[in-house]
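Let's work through a few exercises on a protein fold together. Keep the viewer open, try each task on your own, and then compare your steps with the solution.

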Amino acid sequence: MNDESTTYTVDEALVALGFGNFQVLVLIYAGMGWISEAMEMMLLSFVGPAVQSAWGLSTHEESLLTSVVFAGMLVGAYLWGSISDKYGRRRGFLMTAVFTATAGFLSAFSSNFPLLIILRCLVGIGLGGGPVLSAWFLEFIPAPQRGTWMVVFSGFWTVGTILEASLAWAVMPRLGWRWLLGFSALPSSLLLLFYGATLESPRYLCMKGRKTEALVVLEKIARMNGKKLPCGILVSDNQIELDEHLSVSEDKELLSPSASGDVTPGQVESSQGAVSPLATLLSPELAKSTILLWVVFFGNAFSYYGLVLLTTELSGGQNKCLPADLQLKKSHDVSYRDVFITSFAGLILSAATIDKIGRKLSMFIMFCLCCIFLIPLLYHQPQVLTTGLLFGARTCITATFTIVYIYAPEIYPTSVRTTGVGIASSVGRIGGMICPLVAVGLMHACHRFLAIILFESILLLSGVCVFLFPFETKGRQLSDIVP
């Protein structure tokens, strides 16, 4: 029998229940969604040239195939984030899986280029919901272990890229690009197949005042993990905030009787729901975090994709800016191997630092190290040194990318968590789209010095923004409402 004199929050319940069998199943399910997004993004590099050859497309039309996916993701990130914050995490990632799986399969049967463009745009809209699954998994992890397990979750992206590259190697020469599109939609279909076994986030349910349903979810977690819930009554951050409000009101009542009024948890929730999610993100309480986060996401994406492309530009072979005697013949197939190695190295680096020295310090150090690795590349270096410096820079930027995707949902309250991360992710996509036009364009024009200075400037700006983030989230309980 519960002791009504004591209470506990969702965070305290999750810490008591630990990371067990239930969280492992949630990790696998959410990880499958991350694999799906990675595969759908990775296949663009294989399908684009094949479609161009099959249908006689121009270079502009081939690039449009990638651009519409990014455009769809910009729309989907805000759309699914808002739906998830308003109607629940499960409903949010159900819709994303429906869009991605359906449009992905239908893409394989496209009879002409305009239809393929429309369907790939719809796939992009579905992929924009990636932060929903990330936030859903995050809200089931005990606070002390949150960083480490979110790094593990991020590793599913690398798994997805490896699977897609392997699938393309096996399918493209024998069956063609249509089969690759069909097979690549399978992971998102698995999300639909096992959707009925998923549970709503208890944190979201508490935030909406549905504490009975939240308790049922926590009891199921307790049974699967073989643990017991804390003694007492489950309370939400909304109720704690209400109690603090009433306490302050009572203190002020003697000075200003009219300042005290009846406030209910429903009023706390509805007052936040009365404004748009974007307005909430840019409110005085969250504006600083939001703007800084947008800059960091932009800088991360710009630098990450830029360094991948820079590796190709500086690898020798096709670099027309180098003297003939410095040209090296080198296969570009090595770039995929490098991406895999630096991805795993970045994940290991993230896991080793995120829960020991914190999110902010980890990102700040990685940004600074990335700048240091790039400084010697302002001028031509021996090939071995160039490769080593680029490897170090890419490992660091991969680590910051991993950590910022963990830090972002932690700084936002449950009421706008997926919307906030979705919009920040969209800003990052813009950085990834602009990078080839600007930085790589400078490299092609033989302005190596300016290109590296541009990367250094963006990395330094991102590092300063990380330093200015208002608080550290290591071991910190997640908030349900705007402070």
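## Exercise 1: The cores

The largest nonpolar core contains 91 residues, and F137 and L293 have the most contacts inside it. Here a nonpolar core is a set of buried Ala, Val, Leu, Ile, Met, Phe, Trp, Tyr and Cys residues joined through side-chain atoms within 4.5 Å. A word on the ground rules: this is a predicted model, in which local features need pLDDT of at least 70 and side-chain atom pairs count only at pLDDT 80 or more, while totals for chains, interfaces and linings use all residues. Residues are numbered from 1 along each chain as its sequence is written, and side-chain values use heavy atoms, with hydrogens and water left out.

Task: find the helix that gives the most to this core, and list what F137 touches.

Solution. 
- Step 1. Helix α19 (residues 383-411) gives the most, with 14 residues. Helices (H or I, at least four residues) and strands (E, at least two) are DSSP runs, numbered from the N terminus.
- Step 2. Not counting residues up to four places away in sequence, F137 touches F19, Q23, V26, L27, A30, W149, M150 and F153. Contact means heavy atoms within 4.5 Å.
- Step 3. Another core, of 27 residues, lies apart from it, and L44, L65, A103 and A168 are among its members.

## Exercise 2: The chain as a whole

Task: summarise the protein chain by its helices and strands, its burial, its contacts and its accessible surface.

Solution. 
- Step 1. The protein chain has 21 helices and two strands.
- Step 2. Of its 483 residues, 53% count as buried. Buried means under 20% relative accessible area, exposed over 50%, and partly exposed in between (1.4 Å probe, protein chains only).
- Step 3. Take the contacts between residues at least 6 apart in sequence: 83% of them join residues at least 24 apart.
- Step 4. The accessible surface comes to about 20,700 Å², and 68% of this belongs to carbon and sulfur atoms. Such areas come from the Shrake-Rupley method with a 1.4 Å probe; for residues, only the protein chains shown count as cover.

## Exercise 3: Helix α9 and its cover

Task: name the buried residues of helix α9 (residues 177-184) and find helices that cover them.

Solution. 
- Step 1. W177, L180, L181, G182 and S184 are the buried residues of α9.
- Step 2. Their cover includes α2 (21-42), α3 (44-55), α5 (89-107), α6 (113-127), α8 (146-171) and α10 (186-193).

## Exercise 4: Rings

Task: classify the ring pairs W55 with W177 and F364 with F467.

Solution. 
- Step 1. The structure holds 22 aromatic pairs. Rings of Phe, Tyr and Trp (its six-membered ring) pair if their centres lie within 6.5 Å; planes under 30 degrees apart count as stacked, over 60 as edge-to-face and the rest as tilted.
- Step 2. W55 and W177 have ring centres 5.5 Å apart and planes at 85°, so they form an edge-to-face pair. This pair links distant parts of the chain, with W55 in helix α3 and W177 in helix α9, 122 residues apart.
- Step 3. W55 is partly exposed at 27% relative accessibility, whereas W177 is buried at 9%.
- Step 4. For F364 and F467, the ring centres are 6.0 Å apart and the planes at 45°, so the pair is tilted. F364 lies in helix α18 (residues 359-374) and F467 in helix α21 (residues 448-468), so the pair ties together parts 103 residues apart in sequence.
- Step 5. F364 is partly exposed at 30%, and F467 is exposed at 58%.
- Step 6. Ring pairs also link W34, F137, F153, W157, F297, Y304, F401 and Y405 into a cluster.
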